[in-house]
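Please look at the sequence and the model shown here before reading the report.

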Amino acid sequence: MTSDWLAQTNLRHLPAVSNFWGAVNVDRNVLGIQNFTLPPYAQGGTCCDLTVDEASLATTESRWSAYEILRKATTASGLKIETATRLAFEKNQLLFQVTVSNPTTAEVTTTLSVSLDPRIRKATSGWNWMVARPGDTSFTAQTDKTDTTPATHVMVSDKSSVAVTVFAVGPGATMDASGTSGTAKWEELKVASGESKTLNIVMAVGDDGTAVTQAATNALKDFTTIFDEAKSKWSERWTQAFTPGNDHYSGSLPVLTTEDSDTGHAIARLYYMSILSVLCCERTNLGADSNKVLGRTGTYSGFPRVYVTAAPEYAPTITYFWDTSYASVMLSLLDPHMMKELTKHWLSKDIHNCYAFECVEGGTVGPWYSANDLTVSTTILNYLHYSGDSAYLEEKVNDKSVLTLLTESAEFWKSKVDAGQHLANYGLNENLLEVLENYQGQVASINAANVWLMRQAAILHGIDTPKGKSLRDDADALLPHVKALYVDGKGYWKCRHDGKEQEVRTVVDFVIASNLLCNDLTDAQKTEMKEFVTGELLAGDWMRALSLKDPMAPITRPDHGTSGAFDAWPALTAQTFARFGDYTSLREQIAAFSGVTSQGPLGQAHELVNLRPTMSDRPALNPRSALTVSAWINPTDWPANIWEGSIIAKDTWGDGDAGYGLRGGDGGRISFTVVIGGAFVEVKTTTAVATGSWHHVAGVYDGSAIRIYIDGVQQAVQNQTGSLTPSTGTSLVIGASPKDSTRAFLGSIDEPRVYSRPLSASEINAAYQASSATAGIDDPALELRFPFDEGSGASTTEAVTATTVPINDATWTTGKSNFGKALKFATSLPIGVIAADLMTFNEVVGGTFADVIISDLFGYAPDGKATALKDASVSRGMNGTLSGVRFNGTSYTITSSSTGLTIA
């Protein structure tokens, strides 16, 4: 259960490793880390970067597994470096193993140095979505070196808390410390031809310097055992999750076996990766045993196990009601006792003034989310249905029965109805999907949920009881007002706010409103809805949450915008197709979505990308005073908008505008945009570049004007002064935008170049008239050039720096006459990769896929009293079994065959 080996340049989000106490991300250095987050300890900045012969060594490729991140790099002298990063199992210890190999024919002498500069601080309060990571330098580093003995460790102490971080390294390293950090150095390390050497590093964290030093020293002495246990104990925990009567979880999960086919293998992988994604969020260090280190002094003592929403970047100690609900089927099977206690704690709080429960202090955090009544109730209902614990309904929380509290949630919407209206008004977008400003007020999703919640509450009361009948009547009365929000013939819904109606082409109404009201929709409406999702949202092996045709598009936040989707949305999309009776689409979509697991676990969101040649940032690509960007292009098609067809781009926006981009669209018009003084300035041509033939395009900024040239002739100019705003940290991409890879050029590109000076009109014309591709390559201001002359293979080399980059999303083709080869970017399907911006690597919502596979693909739908199968007579189109499904102490096996489903 690992990712593929992935090229570093193709990663939007760097992977994280976990150990049931917390998690840590790697950084782009082959040894570096960031976001070490094992509550109550959290890291600011980066640490442990490796330099070889005084040069920082960047990772070229990496592979994720739950217990380990492997990274590879090659030094300038030809040495191969591979690092393994593991967290010791359920300990505040990080383990690094560095293997240095010499594949060359001669001995190599080298010097390796590791920066020991953690900024780790302890906090026993204030945990929230954002983690209070230290951004200061209030730290002191020291060693135990004396005049006669070398240092055996480096200790870095936080002046603002009791946190202490200790490093122990070996063998053969010298250690030193100064100011706020230390170093470990292997000087004049000799590696013979064909030889490999292994170097070990331990980082331990705690409160007491003596104890932490002893822990680090002991871990180094017993490194192999602790390093191996990080894997073996993770494997043991994984096995426990599927073992009835295990001594860790209060329940167990069913084992999925599928047919020997591509579809069967894909579905099985997605099922198990979905479960693994949830286990990466399990925490065993937030219970009563940790009261002292967590600084607890009151009556709250936590839970022996919790499943936090995310890790390690954000939300490492909180459980969002919304996110947890989407994994509540599998969690109710895996850990029913924990789910019961957790939901009781939720019910003891005012869920209308928060969005999550915080596990360190036991309180609530965040503003109110409008989905709280739906998601808290869904989690409790799934617990009731899958555990069979019907007595839970009569248990008291704050002197009210659970049934009473569920009923109050089902009817809470009535307090949100404005005078003269019928639907609840859920306020501004901050209570809903945050980035969708038009999605507010009377929205279809949550109002449809109110119908469903009242129906569920009626069943719990008994539909023939007075309260049950009242709830059914209220649901029936509300239903037509909700259905009036459907946009007839379009497949999507609208909302009402500020006295107007606003159509919103979002997946959220589909997976909530359409899903929960599936039996109230006509066949024609279901067909329209499926056509909308298929035509505007599904893309490649993933989907976008918002259609590119929506008036708010583009919105680049990948969870709810146009560039990707929250990891629950694809799973719930497939489920909604199933609820419409389309099990073929359920199976096909689940199999397709499995493709993203080649990147690693399910996370908070995956974004859609077209993997084009990407050059990592370097200072030369960020000129301040002048710039020329040029390329030969042979477009096959132009996008509708001029900004959509990126030819060469190093642009970013959102948190700050920066960079530059040469692009085209709108029938072939060319745009050149640069950021000056923090603001985009764009020049556009009226002349169009035709498809089907080669043309030379160039954008120039000389400090006084911005110019665009087509085939050696100036076609647009605009006076402009000021300094260019560098997009530091942003890669340069050929054929797409680094910020939004859906802004992709279609056609062939050759000789893309970047100069750190303005080429003159005559120089531009000379480049157009040149008879070979080598013209101008000796210019000292040439900072980037891709000749694209390899003609075969899966990589290409940038000529100025001799850097090789992958070309996943392109094919080789013939370039302009006498110019050799070129790369052709054809219309292609994007792939989903783990999203980065404000997103987390691990997210409990990854369990949604397992929930859907259990409840819909295998139809397991107990009602709390007995087992049951949904649409058992309908074939799912695959053969397989789900064994070890436990209900009220009995184990069952669900079999899927050509005739449907059976349970025995």
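This is a predicted model: local features need pLDDT of at least 70, side-chain atom pairs count only at pLDDT 80 or more; totals for chains, interfaces and linings use all residues.

Thr685 lies in strand S41, which covers residues 679–688, and the residue is buried, with a relative accessible area of 0%. Because the cut-off for buried is under 20% relative accessible area, the value of 0% places Thr685 in that class.

The side chain of Thr685 reaches the backbone oxygen of Thr687 at a distance of 2.7 Å. When residues up to four places away in sequence are not counted, Thr685 touches Arg669, Ile670, Ile708, Ile710, Gln715 and Ala716.

## The hairpin of S40 and S41

Strand S40, made of residues 669–676, pairs with S41 in the antiparallel sense over 7 bridges, and within this pairing Ser671 has Lys684 of S41 as its bridge partner. The two strands, S40 and S41, form a hairpin with 2 residues between them, and Gly677 in the turn has a positive phi of about 60 degrees.

## Helix H13

Helix H13 runs over residues 568–579, and because its 12 residues should span 16 Å at 1.5 Å a residue, the distance of 16 Å between its end C-alpha atoms agrees with that expectation.

H13 is mostly covered, with 11 of its 12 residues buried; among them are Trp569, Leu572, Gln575 and Phe577. After H13 comes Gly581, whose phi is positive and near 90 degrees.

Notes. Residues are numbered from 1 along each chain as its sequence is written. Side-chain values use heavy atoms; hydrogens and water are left out. Helices (H or I, at least four residues) and strands (E, at least two) are DSSP runs, numbered from the N terminus. Buried means under 20% relative accessible area, exposed over 50%, partly exposed in between (1.4 Å probe, protein chains only). A polar contact is a pair of N or O atoms within 3.5 Å; within protein, one must be able to donate a hydrogen and the other to accept it, and residues adjacent in sequence count only if both atoms are side-chain atoms. Contact means heavy atoms within 4.5 Å. Two strands pair if DSSP finds at least two bridges between them. The expected span of a helix is 1.5 Å times one less than its number of residues.
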